[in-house]
Amino acid sequence: MNSGSDARDDVILEIRDLEVTFHGDDGSVQAADRVSFTVRRGETVAVVGESGSGKSASVLAVLQLLPRSGNVEVRGSVRLDGRELLDADRRTLRAVRGGAVAMIFQDPMTSLNPVVRVGKQLVEMLREHRYPGGRRAAERRAVELLRVVGIPQPELRMRQFPHEFSGGMRQRVMIAMAIANEPSLLIADEPTTALDVTIQAQVLDVLRDAKAATGAAAIVITHDLGVVAELADTVVVMYGGRVVETGSAEEIFAAPRHPYTIGLMAGLPRLDADVDRLVPIPGSPPNLADPPPGCRFHPRCTLRAGRDVCATETPELREIAAGRRSACHFTEEISAEETAAEAARVSELTGVPLTGDGR
Amino acid sequence: MTTSALTPAGTPAGSSMGRAGGEILRVENLTIHFPVRSGLLGPRQTVQAVNDVSFTIGRGETLGLVGESGCGKSTTGLAVIRRLRPTSGRIVFDGRDISTASRSALRPVRRNMQFVFQDPAESLNPRMTTHEIIAEPLRIHGRYDAAGPAKVAELMERCGLDPRWSGRLPHEFSGGQRQRIGIARALALDPSLLILDEPVSALDVSVQAQIVNLLVDLQRDLGLSYLFIAHDLAVVRHISHRVAVMYLGRIVEYGEKDQIYRSPRHPYTQALLSSVPAHTPAERNRPGRIKLTGDVPSPLDPPSGCHFHTRCPKAIDRCSHDDPALDLRGGRQLVACHLAEPGADHQTQGER
């Protein structure tokens with residue numbers, strides 16, 4: 001992303017200086033602060049962060065999906081295929097949602113109508129976006145979509161209601177709805193968080209297959225680094241409403257260059273090895289109603305070593321290598337030797353050579 | 001089943017950190033069935049939540065109880081602390097059979113056995129101060145005396161909370177701090193066993209490791225025993241000495257942590273471990289991953305024979321009618337599978 005050499009028409013979504021502020025009785029909360037990233041055609045971008053990191057607010061703002069009641073202020077620019085979405089009218093947005101851009105939520109019941117048969121919902125979704133060939137053709141396509149997402153006996157399932165599906169099967173139905181109109185961008189918000197691990201593995205496969213079948217790009221919003229490792233080409237790490245690090249998934253996992261990303265990965269227990277003691281990040285994520293000044297991670301940062309600039313100046317998200325950006329005043333101190341050694345270790349453990357461009 | 005294989009002493013030595021020896025809890029053939037009615041006048045049915053479950057926990061030891069939702073792991077935890085009455089089977093805590101003990105007989109037992117919940121926000125009274133929350137069990141058991149405030153302060157400190165915060169309400173704390181309060185309250189009566197039901201799964205990733213480390217430290221310093229109920233297999237590996245894997249109300253595999261994770265022998269354990277997402281993108285296409293098809297069947301109507309046979313990639317005809325017993329089968333952990341053979345070790349990811 002943003003490596004400069006890409007042709008403009010390779011970019012499907014460009015988010016520039018996005019600011020999302022919720023105004024409430026007790027003051028304002030800036031959920032997203034100058035968030036910028038791009039998504040190329042066919043690419044999977046994972047936006048990873050904890051609660052309050054701004055990951056959902058940023059991405060939901062793309063489709064103006066944030067609740068209007070809460071007095072939300074959204075500024076900046078979101079361009080889909082070159083067209084600005086933030087000032088788009090309702091009609092344009094309706095055509096975009098479920099058309100060029102489709103959403104997959106954590107809880108399928110938020111997007112499935114509980115009193116309408118699954119087949120009918122799929123057919124309506126197709127016809128609303130002018131699927132050619134009339135109702136019969138749309139019905140055939142709906143059955144085919146259920147088959148693509150691995151639902152057994154799709155003809156029978158067409159006639160059932162959402163509550164007759166298990167959690168994993170409902171998630172598949174939602175994926176089928178999402179890819180119905182061959183979107184160019186899928187947005188998945190914690191798509192497997194509510195699922196058991198064996199079902200999660202299935203749904204991740206379905207997502208991958210659905211992406212492959214449509215060639216869509218995807219933004220996956222998640223707190224789960226495992227989901228990132230499974231799906232992402234590119235990673236956007238968010239903390240306290242800001243993007244703190246971006247880069248290719250391979251590079252971010254092999255050699256993270258922001259202290260928060262490093263801490264996040266170091267604190268994870270491993271399934272395949274015994275770790276004597278976990279190394280947690282001290283403290284708690286910031287309260288966005290009263291964020292710390294300067295770098296929002298500075299109260300928890302071990303690299304800072306008491307230096308004032310971290311508490312006074314906001315570090316810019318700057319390019320540190322081709323395709324890599326980090327928002328840390330001292331990212332250069334995260335030793336190149338150290339990261340190279342770590343990369344070599346990971347490469348040796350996994351038997352997978354690490355290439356420079358990570359792709 | 002060979003009971004000797006169940007005891008901490010009877011299992012081969014593996015990790016032994018902090019284990020003082022002896023047994024604090026023994027659960028034998030625990031079965032819990034709930035009668036349910038589907039709809040107002042629907043037919044009476046029975047949810048077979050837990051079926052013939054047996055395990056032990058040694059002093060200073062952690063037993064990890066893993067499985068997916070509906071496998072009966074939380075129900076087992078609730079039965080151990082006797083929030084639920086077992087349909088059949090025995091629960092022996094510190095040498096005393098408490099399976100059918102009355103409410104008053106349970107009172108002194110409950111002091112020694114405490115429960116920590118998943119969501120600290122839901123388990124703490126929002127109107128009580130931190131001091132009141134932690135002191136409450138002491139008051140209930142008539143042990144809050146002149147030394148009470150000092151005891152509360154000590155508990156807070158031990159759990160990584162500043163005692164000066166004792167006047168604050170739960171909402172003034174972060175999720176991780178609230179879980180520390182929940183743990184401090186559970187420790188107030190100096191229990192010997194904690195039943196921890198998903199104690200870190202509601203927490204932010206960066207905070208989970210803090211709470212896991214706190215639990216490890218408390219066990220080392222206080223000699224606590226843990227029944228650690230969780231779905232996160234990596235966390236369970238980190239904190240447990242021994243592990244029991246449950247599927248649809250039954251234990252399907254049970255043994256030393258290292259055995260279970262390095263050479264799982266039950267096809268369900270193998271599938272569970274290989275379903276866990278990759279640790280790095282490079283492991284994405286690791287070979288030999290087992291993907292299960294289908295959903296977990298309903299505990300209202302579990303499959304005949306081996307409960308897992310409907311999803312098992314290795315099932316043979318016998319599995320559909322003959323229920324396999326949990327036994328050693330020549331290996332080093334207990335396995336409930338007709339096809340488990342000694343030496344047929346499945347290698348987990350990363351150890352190729």
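**Helix packing, core and chain contact**

Helices α6(A) and α7(A) are roughly parallel to each other, because their axes cross at roughly 10° and angles under 35 degrees count as roughly parallel. The model is a predicted one. In chain A, α6 covers residues 167-179 and α7 covers residues 197-214. Their axes come within 10 Å. On the α6(A) side, the contact is made by A:Gly167, A:Gly168, A:Gln171, A:Arg172, A:Ile175 and A:Ile179. Helix α7(A) contributes A:Ile199, A:Gln202, A:Val203, A:Val206, A:Leu207, A:Ala210, A:Ala213 and A:Thr214. By class, this contact has 8 nonpolar, 5 polar and 1 charged residues.

A:Ile175 also belongs to the largest nonpolar core, where it is among the residues with the most contacts. This core has 192 residues. A:Leu122, A:Ala176, A:Val228, B:Leu227, B:Phe228 and B:Val245 are likewise among those with the most contacts inside it. In chain B, domain 1 (3-112 + 191-335) and domain 2 (126-188) both give residues to the core, so the core lies between them. Beyond its neighbours within four places in sequence, B:Phe228 is in contact with B:Thr62, B:Leu63, B:Gly64, B:Leu65, B:Leu196, B:Val236, B:Ile239 and B:Ser240.

The two chains touch through 39 residues from chain B and 42 residues from chain A. On the chain B side, four helices each supply at least two residues: α6 (175-187), α7 (205-222), α8 (233-239) and α10 (267-275). The largest share, 7 residues, comes from α7(B). This side of chain B divides into 16 nonpolar, 15 polar and 8 charged residues.

Technical notes
Residues numbered from 1 in each chain as written. Chains lettered and ligands numbered in written order. Predicted model: local features only at pLDDT ≥ 70, side-chain atom pairs only at ≥ 80, totals over all residues. Core = buried A, V, L, I, M, F, W, Y, C linked by C-beta atoms within 7 Å. Buried ≥ 20, exposed ≤ 12 C-beta atoms within 10 Å, placed from the backbone. Domains from an automatic or database assignment. Contact = placed C-beta atoms within 7 Å. Axes fitted to C-alpha atoms, helices over the stretch in contact; angles between N-to-C directions. Parallel < 35°, antiparallel > 145°, perpendicular 65-115°, else oblique. Nonpolar A, V, L, I, M, F, W, Y, C, P; charged D, E, K, R; others polar.
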